[in-house]
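User: I'd like to go through some side-chain contacts with you. Can we start when the structure is up?

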Amino acid sequence: MTGTAVVLMSLVLILSVGAEDKSRLYRRPACGGLSVNQACPLNYSPVCGNDGITYVNECTLCVQRITSSVMAKSKFEYVRNFELDDTCLRNCYIVVRLDGRNFHKFSEQHNFMKPNDNRALGLMSRSARSVMEELEDITIAYGQSDEFSFVFKRSTTWFKRRASKLMTHVTSQFSSSFVYYWKEYFGEQPLLYPPSFDGRVVLYPSNHNLRDYLSWRQADCHINNLYNTTFWTLVQKGGLTTTQAEERLSGTQAADKNEILFSEFNINYNNESPMHKKGTTLIWEKVNETTTKQIKRPDKGETEVTVTRTRKKVTSHSCDIIGDQFWEEHPDILESDQC
């Protein structure tokens, strides 16, 4: 019994010493009297917080702790409960579609060429490319006239798939890019007032649904462009007023418009610009870029060396996306329907 008692007493003594050592290592910081706006000294005396972050000194840790506490326990925090959950359904493609707001007036004020202004179309594509380069989970984008649709991968987790975040980010990036690159396409022609774009978010659960959506937008491009080409040809070359041209085309079909262009103005619509007829499709592709570098060699001095590297780049296409050929040539755009 005596031997057992000695052993137990020894264990108690060891544990109490260990606890004393631990208490010296782990203690609460002395934050009394400090505030959120506290100016801390610049001395370097590192302190490890229980959040796993090493702070410059104890004062810095305290201020961070107080700030977090104030933000987390504010009596006003309840207002967050009014936010709606707009998380997009999983395993769906997220399409953010932008449309120019009052662009009919905007194009008139800035003297856009009719029926198509290549400067404006180029600026729209450049702005869309800027969006894709900022948000790499956009797998494909399609645009025509004053609209652009951006397709996020069905597996994307950007902004936790919140529709409002995705839409506002795409819209703001596109709008600011449109203004930023204006001079690159319109030269010294001034931007009279800021353009604006509205946006919407639509989910498509399958590859079939997504392809049908993009086919719809390209078919719409063809219909609108054929009408506009015929309409403005009647006005610019046929001498009709806009009202007369509108009356002339009322009730006509695609074949009728093609016949007017060919028989009256010797214009074969099939020879019109692919960009005008089919719109612009932007995708990611691997491209080889070749550059030259000057390399110093001990025996020969400087030598010019050709370097080739492969990288992903946003590329532009004006081709048919309704048929299968485009999708067979670019199989990486769509993800498997097997969820």
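User: Which backbone oxygen lies 2.9 Å from a polar atom of the side chain of Gln 218?

Analyst: That of Lys 278. Keep in mind that this is a predicted model.

User: Where does Gln 218 lie?

Analyst: In helix 7, which spans residues 207-236.

User: Is Gln 218 buried or exposed?

Analyst: Buried. Its relative accessibility is 4%, and the cut-off for buried is under 20%.

User: What is Gln 218 in contact with, leaving aside neighbours within four places in sequence?

Analyst: Tyr 142 and Lys 278, plus a run of Cys 319, Asp 320, Ile 321 and Ile 322.

User: New topic, salt bridges. How many does the structure hold?

Analyst: There are 15.

User: Which residues do salt bridges with shared partners join into one network?

Analyst: Arg 217 and Glu 147 belong to it, along with Arg 97, Asp 99, Asp 198, Arg 200 and Asp 220.

User: Take Asp 99 then. What is the distance between the closest N and O atoms in its salt bridge with Arg 200?

Analyst: 3.0 Å. Asp 99 sits in strand 3 and Arg 200 in strand 6, residues 197-204. The two are 101 residues apart, so this pair also links distant parts of the chain.

User: Why does Asp 99 count as buried, but Arg 200 as partly exposed?

Analyst: Because the relative accessible area of Asp 99 is 11%, and buried means under 20%. Arg 200 has 37%, which falls between that cut-off and the 50% one for exposed.

User: What about Arg 162, what does it form a salt bridge with?

Analyst: Asp 86, with the closest N and O atoms 3.2 Å apart.

User: Where are Arg 162 and Asp 86 in the chain?

Analyst: Both are in loops. Arg 162 is in the one between strand 5 (147-152) and helix 5 (163-180). Asp 86 is in the one between helix 2 (58-72) and strand 3 (93-100). They are 76 residues apart.

User: How does Arg 162 count, buried, exposed or in between?

Analyst: Partly exposed, because its relative accessibility is 26%.

Note on methods:
Residues are numbered from 1 along each chain as its sequence is written. This is a predicted model: local features need pLDDT of at least 70, side-chain atom pairs count only at pLDDT 80 or more; totals for chains, interfaces and linings use all residues. Side-chain values use heavy atoms; hydrogens and water are left out. A salt bridge is a side-chain nitrogen of Lys or Arg within 4 Å of a carboxyl oxygen of Asp or Glu. Helices (H or I, at least four residues) and strands (E, at least two) are DSSP runs, numbered from the N terminus. Buried means under 20% relative accessible area, exposed over 50%, partly exposed in between (1.4 Å probe, protein chains only). A polar contact is a pair of N or O atoms within 3.5 Å; within protein, one must be able to donate a hydrogen and the other to accept it, and residues adjacent in sequence count only if both atoms are side-chain atoms. Contact means heavy atoms within 4.5 Å.
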